[in-house]
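Please read them with the coordinates open beside you.

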Amino acid sequence: MPAVTAVAHPNLALVKYWGQRDLVRQLPLNDSISVNLSGATTTTTVQFDATLDEDEFELDGARPTEKASTRVSAHLEQIRALAGITAYARVWSHNSFPTGIGIASSASGFAALTLAGTRAAGLALDSRALSSLARLGSGSACRSIPHGFAEWRAGTGEESYAVQLAPPEHWDLQIVTVYFDPQPKAISSLEGHRAAPSSPFFEARLQQLGDTLATVRRAVLERDFSTLGMAVEREAISLHLIAMSSRVAEQPQLSGIYYWQPQTLALIHAVQRWRAEGLEVYFTLDAGPAVHLLCEAQNRAALLEAVGALLPTLGGRLLVSTPGMGARVVEEGEGEI
Ligand code: PMV
C-alpha cells in the first residue's frame, strides 16, 4: 500500500477546552477557538504493510515510550476499522520542536497521523470527518485539521469537530512562544480535564464562556486586536483558576494543580508592564509553564527585543509563529520509502 506523508501544526487555544463530558471519546464540555502555530510542525509518514506482525512507530528517529506507542496503535486501529483493512502499519514521525515544552505535540501529531493514516488506508475523508477522528487521538488535535483559525464545536451527541473560523492569511497575528527546558508535567491535561468539574468555580467558568466565545470569535473576524488580547488573557487565567482549585482524585495531597513556574509569573508581570509602557502585547498559557505572547505585525520587532532582554535571566527560548495551515498531504507514493 502507498506510503503517505502529512504535515500538521500544533494549535494555540484562544478560548480553552478544559473539562470533558466523555473521557473515552474525548468529548468536551465547551466550545473552543484556536489558531495553528506556523513555527512548529509535525511530519508523519504512514504505510500499511500486510507482512508486519505489529505496528511499528518511530518518533524523531527513536522508539517512543510504551504509552505513546499504545496511543498510536489505538488510533491506527480506528483507521483500520473505518477502512476495513487488517494490515499493521509503519509510522515515522518527526517534530520540528522539542516535546514536553508546552506546545501540544499531541495535537499536531494526531492531526498528521489521522490524515496520513486515512489516506494510506485508501480513505478520502472530508475535513469534518478528519477532525472528528483526530479528536479521538487527542482532543485538541481536531483543531489542527482546518487551516488558520478554528472553532471546535462541543456538540451534544457523539459528533464533535472543529471548523475553520478564518484562513491563515486573514490576519498576520504574531505569536511568540517562550518555553523553558522540558520538565516532566506533574499532572497531564487528561487528569486536568477529569479534575476540572471538582473546582467550585467550574460552573461559573462554563456560564461565562458563551460571552467569551462570542467576543473572541468577533474579534478574530474583525481583526480587533485589543479586544482579542484582553479576552484571551482573561480566558487563560480562568483556566488556571480552575486548575488551581481542582481536586485530583488520585493525589489527595495536592490542594490544586499548578502549571506555572516562577518564569511564567515573571513574564505575566512583564506583559502587564510592557502594555503600561505602550507596547501592546497579551499572553496566554496552556497546561504548562510556557507563555505564548500575542502582538500585531508592526510590534513584532519591539516585542522580540523586549523578550530578548529577559531571556538571559529567565533561561527560556523562543518560537515565533503566525497563523498556520491545517493538516495537508505532502507526499503520496507507491511501495517502499
Ligand atoms: O487536547 P488535550 O487533552 O491535550 O487538552 C488541551 C488543553 C489545553 O491545551 C490546556 C487547552 C486547549 O484548548 O488546547
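**Notes on the model**

1. Phe 97 counts as buried, at 4% relative accessibility, where buried means under 20% relative accessible area, exposed over 50% and partly exposed in between, with a 1.4 Å probe and protein chains only. Phe 97 sits in the loop between β8 (88–95) and α2 (105–120); helices (H or I, at least four residues) and strands (E, at least two) are DSSP runs, numbered from the N terminus. Leaving aside neighbours within four places in sequence, Phe 97 is in contact with residues including Pro 10, Ala 40, Ile 103 and Leu 319, contact meaning heavy atoms within 4.5 Å.

2. This is a predicted model, in which local features need pLDDT of at least 70 and side-chain atom pairs count only at pLDDT 80 or more, while totals for chains, interfaces and linings use all residues. Residues are numbered from 1 along each chain as its sequence is written, and side-chain values use heavy atoms, with hydrogens and water left out.

3. The largest nonpolar core has 30 residues, such a core being a set of buried Ala, Val, Leu, Ile, Met, Phe, Trp, Tyr and Cys residues joined through side-chain atoms within 4.5 Å. Elements that each supply at least two residues of this core include β2 (11–15), β5 (32–36), α5 and α6, and α5 gives the most, with five residues. Leu 14, among the residues with the most contacts inside the core, is in contact with Phe 149, Val 216, Val 220 and Leu 228, among others. Apart from this core lies another, of 28 residues, among them Leu 76, Ile 79, Phe 110 and Ala 116.

4. The lining of the second largest pocket comprises 13 residues, of which Glu 54, Asp 55, Phe 57, Arg 63 and Ser 69 lie nearest its centre. A pocket here is an open set of points on a 1 Å grid over the protein atoms alone, where a 1.4 Å probe fits, with protein on both sides within 12 Å along at least five of seven lines; lining residues have an atom within 4 Å of a point. β7 (56–59) and α1 (66–83) each supply at least two lining residues, and the largest share, five residues, comes from α1.

5. Two backbone angles deserve a check. Most residues other than glycine have a negative phi. Asp 60, in the loop between β7 and α1, has a positive phi of about 50°, and Asp 60 is partly exposed, with a relative accessible area of 37%. Arg 223, in the loop between α5 (202–221) and α6 (225–244), has a positive phi of about 50° and is partly exposed at 44% relative accessibility.
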